[in-house]
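Keep the sequence and structure open as you read.

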Amino acid sequence: AVRPESSVTSARLVLDIEKPRTAAMSRGLEAEPRLRQAYLDAYGGAVEHHARPWIIAHPTQPYVSVSPDDVWLDGSRRVYLEWKTRNRFAEMRRPMFGRPGTDEIPDAYALQVQLNLELLDLDSAVLFVGLGSETPDGTGAKPFLYTATAPYPIERDRDLIHMALGYAERFYNEHILTRTPPSVEPRENVVAWKRLIKEHQCMTMEASP
């Protein structure tokens, strides 16, 4: 299971500290329109139009919300689409994904897709990955150009969602309402976590009478 306290996201949720956008996040946002077009070119259909940012909150647990990427319309079917990018050299050295066409994806991505399926009330999703690298274009920029794509179909898992929502409710009650950061440091981004906590402590001291 993915623990809520295992991410720097805790600092944003509990202390209202925004994490700066990472290079990987920027890369994904920049490549998203091209991945969307590649998917439509390969499989046809269309995607629903929604104003951005598109944010959906859980009907009874509003502290749980998602920002869906796209919903694919294929005849009468509605399928959630999640776009991801991955450096192909990093994937060769340290694979994160299994064989295309399976549901072998990182746990964090699986939970993200499941939450989107739950809040969209859909049963099927495809996590579509663009594999490539940042390539200089002669202007000084390094856009992410993918050399291959891989689909990973995901089916809704109601038991997993029930468990995840239970963890979310506990996190909300124990940490967000009390504004108490978890005692467990994240497994990743530890340096950023410590810096954010220190900055928050300094701002709190300066704001005190």
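**A cis proline, a helix pair and an arginine**

Pro-53 sits in the loop between strand 1 (46–47) and strand 2 (56–57), where strands are DSSP runs of E with at least two residues, helices are runs of H or I with at least four, and both are numbered from the N terminus. The bond joining Arg-52 and Pro-53 is a cis peptide, with omega about 0°. This is a predicted model, in which local features need pLDDT of at least 70, side-chain atom pairs count only at pLDDT 80 or more, and totals for chains, interfaces and linings use all residues. Residues are numbered from 1 along each chain as its sequence is written, and side-chain values use heavy atoms, leaving out hydrogens and water.

**Helix pair**
- Helix 4 (residues 107–120) packs against helix 5 (residues 158–176) at about 95°, so the two are roughly perpendicular (65 to 115 degrees).
- Leu-111, Gln-114, Leu-115 and Glu-118 of helix 4 meet Leu-160, Ile-161, Ala-164 and Leu-165 of helix 5 (contact: heavy atoms within 4.5 Å).

**Around Arg-156**
- Arg-156 lies in the loop between strand 7 (144–155) and helix 5, and is buried at 15% relative accessibility (buried is under 20% relative accessible area, exposed over 50%, partly exposed in between, with a 1.4 Å probe and protein chains only).
- Its side chain has a polar atom 3.3 Å from the backbone oxygen of Leu-122.

**Asp-121**
- Asp-121 is in the loop between helix 4 and strand 6 (124–134), and has a positive phi near 55° although the residue is not glycine.
- Asp-121 is exposed, at 57% relative accessible area.

How values were computed. Axes are lines fitted to C-alpha atoms, for helices over the stretch in contact, and angles run from 0 to 180 degrees between N-to-C directions. Angles under 35 degrees count as roughly parallel, over 145 as roughly antiparallel, 65 to 115 as roughly perpendicular and the rest as oblique. A polar contact is a pair of N or O atoms within 3.5 Å; within protein, one must be able to donate a hydrogen and the other to accept it, and residues adjacent in sequence count only if both atoms are side-chain atoms.
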